[in-house]
Each structure stands twice: as C-alpha cells, then as structure tokens.
Amino acid sequence: MTEPDDLVYHVDGELVPAKEASVSVDDRGFRYGDAAFETMRAYGGEVFQWEAHMDRLRETCEVLKLDHGIATDDLHRRIDDTLAANDLADAYVRLSITRGVQPGKLTPDESVDPTVVVIVKPLPRGGSDGQPVYEGPATLQTVKTKRVPDSAIPAHAKTHNYLNGVLARLELRVSAADEAIMVDTDGHVAEGATSNLFFVRDNALRTPSLDGPVLPGITRRVVLDIAADEGLPVESGQYTPDDVRNADEVFVTNSTWEIRPVDVVDGIRIGDDSNNASGDAGNDASRGETAAATAGGPVTTLLSRLFAARIERSHYD
C-alpha cells in the first residue's frame with residue numbers, strides 16, 4: 001500500500017507527487033471557494049455509487065453556473081489513473097472542479113478554464129470482511145453554529161465553501177465530541193458538519209427531511225434504500241435535539257465512515273432509559289441495553305451488516 005508521503009495526485013490532467021501538487025493563488029476555488037467537489041470511496045478499485053456522485057456534482061455545478069465542459073468518462077478516467085498510480089484499490093477519493101484562474105473580481109467570467117484535482121488516500125478494505133475507518137462509536141455535540149439556510153446557500157450544492165462546517169467543528173475543541181449536530185435557524189436538527197444523521201425511536205428509523213438545509217448524502221440514500229428493502233418503518237421530518245438525545249439508537253453516515261454508531265449525544269448516553277423521560281420499563285427490551293447501543297443497537301447493526309454485504313456483492317465478489 002502506498003505510504004502517505006509517497007502519494008500521487010491528479011492536477012489538471014497530470015499525475016504529480018502530492019507534496020508538489022499545487023494550484024494558483026488566483027484560482028477562484030482558493031479565492032472564493034468557487035468550486036464543486038465530491039468525496040467518494042473506492043472499493044476493490046471501483047468508486048461506490050459513481051453515477052449518484054456524478055448526478056450530485058452536476059447539480060452543484062448547475063447551482064454555481066459552472067459549465068466546466070469535462071465529460072463524465074474523462075473524470076472517471078482521471079480517478080482510475082490516480083488510483084492506479086498509487087496502487088490503491090480501497091481508498092478515499094476527492095474530486096474537485098474549480099472555475100479556474102480568473103481576474104481578481106467577485107463576479108465570475110462566463111468563459112471557464114476549470115482546474116480539476118483528484119486526491120486519494122488509502123483506506124481499509126470495505127465490505128463484509130472489512131474494517132471500519134473509525135475507532136469506536138461517535139460522540140456528538142449540538143453546536144451554536146446554525147446550518148446556513150437553503151435560501152442563502154442551497155444545501156444540495158457541495159462546494160469548497162465549507163466555513164459553516166468549519167465553525168461548527170471548531171466548537172468541538174472544548175469537548176470530546178467527534179462530530180457536531182447542526183440545527184437550522186428554527187432549531188430543528190439538520191445534519192452533522194460532514195455527515196447525515198439518523199436515529200431510531202419507537203421502532204422507526206428517522207432522519208431530518210431534505211426539505212430543510214440538509215445535504216442529500218449518497219450514503220444516506222443507500223441506507224434509506226436498504227431500510228425500505230427490509231420493510232423498516234422510515235420517517236423523515238423535523239426533529240429537535242431532544243428527539244435525538246432521547247432516541248433508542250443514533251448513527252451518522254458519510255462516504256468515509258459509511259454507518260457510524262453513536263453512543264453519546266450532548267453528554268447523554270443513547271439507549272440509557274434513565275435519560276429518556278418518555279421511556280418506561282416495558283420498552284426496555286425493544287430499546288436494548290446501554291452496552292448494545294454503545295456497540296450499535298439492533299437497527300444500526302442490521303443496517304451496517306446489510307450495507308457491508310451490498311459493498312461485498314458489488315465490489316468484491
């Protein structure tokens with residue numbers, strides 16, 4: 001496996017050593033965050049949910065009115081070449097397309113000479129025989145930084161402008177939390193700084209609706225598809241931080257973590273009946289013990305197993 005110091009990146013059509021890779025300080029992606037990107041995961045040498053990622057990238061570019069003119073097959077080839085150059089089959093993959101170098105003014109020119117960068121990093125094997133990239137369940141903390149309203153910056157646009165998430169993560173420095181819970185301007189739970197959020201309550205899987213400022217995560221969609229296939233009750237709607245704190249199970253999703261169980265939210269251990277004012281002794285069996293929630297409750301465990309099996313079938317069999 002390629003060592004981090006020996007990685008090779010793909011920059012504007014060329015493979016270059018990572019430590020030498022650069023873009024211009026006049027690039028609009030650097031100056032203004034005027035760029036689209038996708039974070040993906042490769043399993044067995046193939047990008048997971050490639051078409052879904054390209055659909056979302058296309059939507060982001062439409063929001064930015066960024067007509068980069070690069071064919072999807074060309075982007076795929078650049079990623080394949082980067083994986084091959086690093087001798088990586090299982091990897092983190094980030095594809096960025098900026099508006100390129102333009103005069104230093106806020107209003108972009110109509111003509112675009114885009115900058116395209118592919119970054120890869122080694123990850124463990126996925127699938128049923130794989131290992132998680134994280135060490136243990138996550139701890140979440142609700143932060144004061146609000147999710148930017150859709151009317152300001154559309155949530156479905158995945159751009160280089162990640163200041164909102166950066167500010168949320170900075171708040172975690174005073175806690176031991178792994179991820180932030182961000183709420184919208186009305187106080188409803190939106191998402192994590194870099195993840196989508198799910199919780200289980202009353203035997204139903206629940207997640208914030210895309211009607212709010214929520215990025216339509218690729219892993220989020222796959223989890224919902226798996227839940228539907230299994231006949232699990234699913235609800236998307238508006239929820240408060242208290243709804244999450246009082247849940248039976250909580251987990252977060254993104255392309256790198258896949259499905260990561262959560263054991264503590266805002267200092268409250270998930271699945272601990274003493275913290276759930278609406279709970280009663282008769283529901284203990286359905287909610288499970290604290291130890292089970294710490295390792296991933298029954299619904300989280302089921303979805304994780306089925307997600308891994310799907311990866312195994314599609315990328316390793």
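The entries below go from pockets to a cavity and then to rings.

**Before starting.** I noted that this is a predicted model, and I kept in mind that rolling a probe the size of a water molecule over the atoms shows where empty space is left.

**Largest pocket.** I looked up the largest pocket and found about 710 Å³ of space in it, with a lining of 37 residues, of which Lys158, Tyr162, Ala193, Thr194 and Leu215 lie nearest its centre. Several elements give two or more residues to this lining, among them strand S3 (35-43), helix H2 (50-64) and helix H4 (163-170). The most comes from H4, which gives 4 residues. When I sorted the lining by class, I wrote down 14 nonpolar, 16 polar and 7 charged residues.

**Second largest pocket.** For the second largest pocket I noted a volume of about 400 Å³ and a lining of 21 residues, with Pro132, Tyr134, Ile259, Ser304 and Arg305 nearest the centre. Strand S14 (258-265) and helix H9 (298-315) are the elements that give two or more residues here, and H9 gives the most, with 7.

**Largest cavity.** I counted 2 cavities of 30 Å³ or more, and the largest cavity holds about 40 Å³ of space. Its lining includes Arg41, His53, Asn254 and Glu258, as well as Tyr43, Phe48 and Phe307.

**Aromatic pairs.** How many aromatic pairs does a search of the whole structure find? I wrote down 5. In one of them, the rings of Phe37 and Tyr162 have centres 5.6 Å apart and planes at 65°, and because edge-to-face asks for over 60 degrees, the pair counts as edge-to-face. Phe37 lies in strand S3 and Tyr162 in the loop between strand S7 (138-142) and H4, so I recorded a link between distant parts of the chain, 125 residues apart. Is Phe37 buried or exposed? With a relative accessible area of 4%, Phe37 is buried, whereas Tyr162, at 29%, counts as partly exposed.

**A second pair.** The rings of Phe199 and Tyr239 have their centres 5.0 Å apart and their planes at 85°, which makes this pair edge-to-face. Phe199 is buried at 2% relative accessible area, and Tyr239 is buried at 6%.

**Charges over rings.** Last, I found the charged end of Arg125 over the ring of Tyr316, 3.8 Å from its centre, and that of Arg260 over the ring of Trp257, 5.0 Å from its centre.

Conventions. Residues are numbered from 1 along each chain as its sequence is written. This is a predicted model: local features need pLDDT of at least 70, side-chain atom pairs count only at pLDDT 80 or more; totals for chains, interfaces and linings use all residues. Side-chain values use heavy atoms; hydrogens and water are left out. On a 1 Å grid over the protein atoms alone, a cavity is a set of points where a 1.4 Å probe fits but cannot get out, and a pocket is an open set with protein on both sides within 12 Å along at least five of seven lines; lining residues have an atom within 4 Å of a point. Grid points are joined across faces, edges and corners, and a volume is the space filled by probe spheres set on the points. Ala, Val, Leu, Ile, Met, Phe, Trp, Tyr, Cys and Pro count as nonpolar, Asp, Glu, Lys and Arg as charged, and the others, Gly among them, as polar. Rings of Phe, Tyr and Trp (its six-membered ring) pair if their centres lie within 6.5 Å; planes under 30 degrees apart count as stacked, over 60 as edge-to-face and the rest as tilted. Buried means under 20% relative accessible area, exposed over 50%, partly exposed in between (1.4 Å probe, protein chains only). A charge sits over a ring if NZ of Lys or CZ of Arg is within 6 Å of the ring centre and within 35 degrees of the ring normal.
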